[in-house]
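Let's take a friendly walk through a protein chain together. Have the model open beside you and look up each residue as it comes along.

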Amino acid sequence: SDHMENICGYLMKYTNLVTGWQYRFFVLNNDAGLLEYFVNEQSRHLKPRGTLQLAGAVISPSDEDSHTFTVNAASGEQYKLRATDAKERQHWVSRLQICTQHHTEAIGKNNPPLKSRSFSLASQGSANSPGVQRRPSQNAVSFFNVGHHRLPTGKRVPIMQPDHLVDVREMMSQAEGQQRDLIRSIECLPVSGHLTSLDQDLLMLKATSMATMNCLNDCFHILQLQHASQQKGSLPAGTTISWLDPKISLANHFKNGAAQNFPAEINKAASVREEQPVAEPCQLTREPEEVNPEEELEDICDDKEDDLGAVEEQRSVILHLLSQLKLGMDLTRVVLPTFILEKRSLLEMYADFMSHPDLFIAITNGATPEERMIRFVEYYLTSFHEGRKGAIAKKPYNPIIGETFHCSWRLPKSDVATDAGSNFSAHSPSEQGTISKDLEGQTELDYYTVKFVAEQVSHHPPVSGFYAECVERKMCVNAHVWTKSKFLGMSIGVTMVGEGLLSLLEHGEEYTFSLPCAYARSILTVPWVELGGKVNINCAKTGYSASINFHTKPFYGGKLHRVTGEVKQNTTNTVVCRVQGEWNSVLEFTYSNGETKYVDLTKLSVTRKRVRPLEKQGPFESRRLWQHVTESLRDGDIDKATEHKRALEERQRNEERLRAETETPWCTKYFLKEGDGWVYHKPLWKTVSAAQTQQMDTN
């Protein structure tokens, strides 16, 4: 690569608490994929004091200051380094990331897919195991001498008594110790040679052993619950026992210690305030573009994400990636392989949550504050199903800083409910195409327009702002979301930190709301998505609020994708509506008057968004920016998609380095920083207020 260069220079290296920081001379060898260091430049011709293999490494700029960064090798070894200033740190981090990505992808290409290999690690004499064929005298289990606890022969297993729970805990502690030794033994192996730390069988053993120990802890918790129920009577009917958080803090087993605990309810209010974005943009200097809805055409893209082929073929790369990750590790700066990507940007995914504009506009048509809150809850719960493209969990593109996405929706005014009980459109998806065509011949007065704009306002941390408005109905929604990803063993959790604000200007009401967490489950087999956590919707003026729980799949019993909630009048503490069901299937709404309504989300009509053609889009608009990556993914050319993706990421690094060198702050285009949030530069509430003031002055 033209961007790969051998660099060298002095950096400070943290050794330990006693020695502290020491200056060392570092050399990046791109050809060999090595980071080496010497006592000083004069000793460069001698043997290095230390060497790290960069294949599979994770390079992470530190949040503690602008000079420090870490290099986490696949072997588990870590270098904590400090440059003289932010400019030098950016230069080293960029070069190291390029070298790391190059050599990591080379390993993935050279290794065959795992589906052609056997995972029967314990089968000593199996002629079908490639691992045994390479090492006939030893496999992974025998090599590390992993033993098993056995009860004395001839002894019957008694009924579980309270004191036996102590014995179980003791046995599990021993198993945890063996698992720690196993991980350390794997990571101490060299990265090249006869038996390496990157061996695919060992990577599988490492990943599954972590999940197994956490599963055993969950089972132990169930035993404790069963014992408690025997003391008080049997468990009530319908009781479910949920999965617990990871009990083993595996961060202590690894040398880099990067892991953090990951609580079950990761979207509580405290987490919103735990860390605030550091980007402080200046006032708008780039002129915001006013997109003309008349230039937008109905979207014809329909990229469903149900193809598992690439995931199956690249499973060895997934295992290699998993081997680098620690429980609770922040994935914000981890470069993920291209084949797991959706064919759309995260900014466009936020737009797809607005695919029921008829329900959105119907909120302000509610006759009473109670009805408007209920309508908002109904709209909110129907928005997540269309936001997912297919049943397979794939990841949208990470927007680059300054990226934007524009679209709009048109719908006949007759499709918007005005009275209670007719909130949901009766049109089927097959009828929707006819509706869209009919709109073309209607005058402006016959339909409503909902306009949407999103912008990536910060890169580290990744923060997106989005705004939608319907001028005719004097309503708009403004939100900012900071996506925080964590590794949870056999799944990945994404916290949506931020807040949204819906403004109904006709009624002078504002509704604040948050978003649930998302989880990608079963990432080693068929990945799927579920939502989890508690969200709240509040209207301070009317005193109405809603509490909604997205339930993750329990370990024992229960259903997938379950959601429950209720709408309350806070003053009287009266529940006026209850909801239950599945957020991607059927929802049941029960109202205070005794009526019940069922909504089948799979049959709910979807209004296609309208987007400008690529030739009319700006260079930083999502579809034009990612068009070559998307086209390559559609053609199934993963290598070509990776090249285009890498080019975009490298451009972003170069621009970030240039801003650091010139000390130029990033300037947003459509959103301004206000307090802890981001607000659209020309929200409808300011426009309407200004127009009303001008009219009063005229009168």
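The report below starts with the whole chain and then visits a few local spots.

## About the model

This is a predicted model, in which local features need pLDDT of at least 70 and side-chain atom pairs count only at pLDDT 80 or more, while totals for chains, interfaces and linings use all residues. Residues are numbered from 1 along each chain as its sequence is written, and side-chain values use heavy atoms, leaving out hydrogens and water.

## The whole chain

The chain contains 16 helices and 26 strands. Of its 699 residues, 51% count as buried. Buried means under 20% relative accessible area, exposed means over 50%, and partly exposed lies in between (1.4 Å probe, protein chains only).

The accessible surface of the chain is about 32,900 Å², and carbon and sulfur atoms own 51% of that surface. Such areas come from the Shrake-Rupley method with a 1.4 Å probe; for residues, only the protein chains shown count as cover. A contact means heavy atoms within 4.5 Å. Among contacts in the chain with a separation of 6 or more, 64% involve residues 24 or more positions apart.

## Cysteines

How many disulfides does the structure hold? The count is zero, where a disulfide is a pair of cysteine sulfur atoms within 2.5 Å. Cys-99 is buried, at a relative accessible area of 0%, and Cys-577 is buried too, at 4%.

## Aromatic rings

A pair of aromatic rings is described by the distance of the centres and the angle of the planes. Rings of Phe, Tyr and Trp (its six-membered ring) pair if their centres lie within 6.5 Å; planes under 30 degrees apart count as stacked, over 60 as edge-to-face and the rest as tilted. The whole structure has 19 aromatic pairs. In one of them, the ring centres of Tyr-380 and Phe-513 are 6.1 Å apart with planes at 75°, so this pair is edge-to-face. Tyr-380 belongs to helix H11 (residues 369-387) and Phe-513 to strand E16 (residues 509-513), so the pair ties together parts that are 133 residues apart in sequence. Both Tyr-380 and Phe-513 are buried. They also belong to a cluster linked by ring pairs, together with Phe-353, Phe-376, Phe-384, Tyr-511 and Phe-550.

Two rings have a charged end over them: that of Lys-13 sits over Tyr-79, 5.2 Å from the ring centre, and that of Arg-82 sits over Trp-21, 4.1 Å from the ring centre. A charge sits over a ring if NZ of Lys or CZ of Arg is within 6 Å of the ring centre and within 35 degrees of the ring normal.

## Lys-451

Lys-451 is found in strand E12. Is Lys-451 buried, exposed or partly exposed? Its relative accessibility is 28%, so Lys-451 counts as partly exposed. Beyond its neighbours within four places in sequence, Lys-451 has contacts that include Pro-293, Cys-407 and Glu-469. Glu-469 is 18 residues away along the chain, yet the two C-alpha atoms are separated by 5.5 Å.

## A hairpin

Strands E25 (residues 671-674) and E26 run antiparallel and are joined by four bridges; two strands pair if DSSP finds at least two bridges between them. Leu-672 has Val-679 in E26 as its bridge partner. Two residues lie between the strands of this hairpin, where Gly-675 takes a positive phi near 65°.

In a regular strand the side chains alternate between the two faces of the sheet. In E26 (residues 677-680), Gly-677 and Val-679 point one way, Trp-678 and Tyr-680 point the other way, and all are buried.
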